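Here are a few friendly notes to read beside the model. Take them one at a time and find each place as you go.

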Amino acid sequence: MTTTRWNRRGALTCALLLATGCGLVDAPGEPRVVAHRSGAGNYPENSRSAVIAALREGYPAIEVDVVLTKDRIPILTHDAWIDAELCTYSLREGELEARRLPEGSRPLIKDFTLEELHRDYRCGGLEDPSMPDAVQVAEKYLTFDEMLIALKDFPDTVVQLDIKEHPAYTEPPEVFAEEILGRWNKAALPNRFFVTSTRGELLKTFEARQDVETLLIWPAFAADDNTTLVGLVNELKRTVGAQDLIQLTRDAGADGIAVAYPVADRAAIESVRKAGLKTALWTPNTEAQLASYCRWPLDYLITDYVERAPCR
């Protein structure tokens, strides 16, 4: 969901510290369960393997992250750069093991054509420390168009498009809206979809072009934070109540807000929903957490492990 990676142990600690406001009281709810990054707990995030498996498993909804290449082709990837921790160079003739990218390197996706990315890079073949149970499959980047083709046999699957637009690293919002909405409309799928982003400008741009459901992702994290936990700690330095969440959503021109579960307060979420706004929570992953949040007043419950949620 965010531009940085989630330190799950740290986030869980935060959740425990905030337990008095994080779900001890149940509320009625029948959220649609969304496979975060198409089910990153089981397959490489945003990969072809993850998308196909999620569809075949009949998950109610999938979330994918979208970035544009140099030739303005939308591809599925969490970051605006090639992730040196999850991607390698393609195997060359005579090589027995794929070469790693330089540690700490961040080649921007927007500097490569799709042909170059498919020729030179593979992602998902390295172990993801944050997802130790996920299988390792080295694959080419999956394009948005390929995902649309896969969806044709699964008309009931809802799709969350998390747009990874950033002024310093990607094309501007107008280009994302043109390419993504144009391709979606051309495919003429019956599937429902909604757009999410940390940036209100992006959401407003999509809504200006088409009547589309949008949710603001909160908190927003700087692209250069080392972990999501850093962003969480910064946000926790101040108190954000229901009225603040409502105002953030309205300022972004969004239809709702998706809140990180460690900073979510049940009463605040309920107030947001009563204000006529959509609500979502990301990304609780344990069976106990999901059992609790399934009873919250949510529209969407986003997790890496859909199969663990009793409300799926």
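At what angle do helix H5 and helix H6 pack, and how far apart are their axes?

1. Helix H5 (residues 173-187) and helix H6 (residues 200-209) pack at about 45°, and their axes lie 9 Å apart. Helices here are DSSP runs of H or I with at least four residues, and strands are E runs of at least two, numbered from the N terminus. That angle makes H5 oblique to H6 (under 35 degrees is roughly parallel, over 145 roughly antiparallel, 65 to 115 roughly perpendicular, the rest oblique).

2. A word on the source: this is a predicted model, where local features need pLDDT of at least 70, side-chain atom pairs count only at pLDDT 80 or more, and totals for chains, interfaces and linings use all residues. Residues are numbered from 1 along each chain as its sequence is written, and side-chain values use heavy atoms, without hydrogens and water.

3. Now look at Ala50, which sits in helix H2 (residues 48-56). Ala50 is buried, with a relative accessible area of 0% (buried means under 20%, exposed over 50%, partly exposed in between, with a 1.4 Å probe and protein chains only). Leaving out residues up to four places away in sequence, Ala50 touches Arg37, Ser38, Tyr43 and Pro44; contact means heavy atoms within 4.5 Å.

4. Finally, visit helix H9 (residues 266-274), whose buried residues are Arg266, Ala268, Ile269 and Val272. They cover an arc of only 165° around the axis, so they lie on the same side of H9. Their packing partners are helix H8 (242-251), strand E9 (256-260) and strand E10 (278-282).

Key
Axes are lines fitted to C-alpha atoms, for helices over the stretch in contact, and angles run from 0 to 180 degrees between N-to-C directions. The arc is that of the directions from the helix axis to the C-beta atoms.
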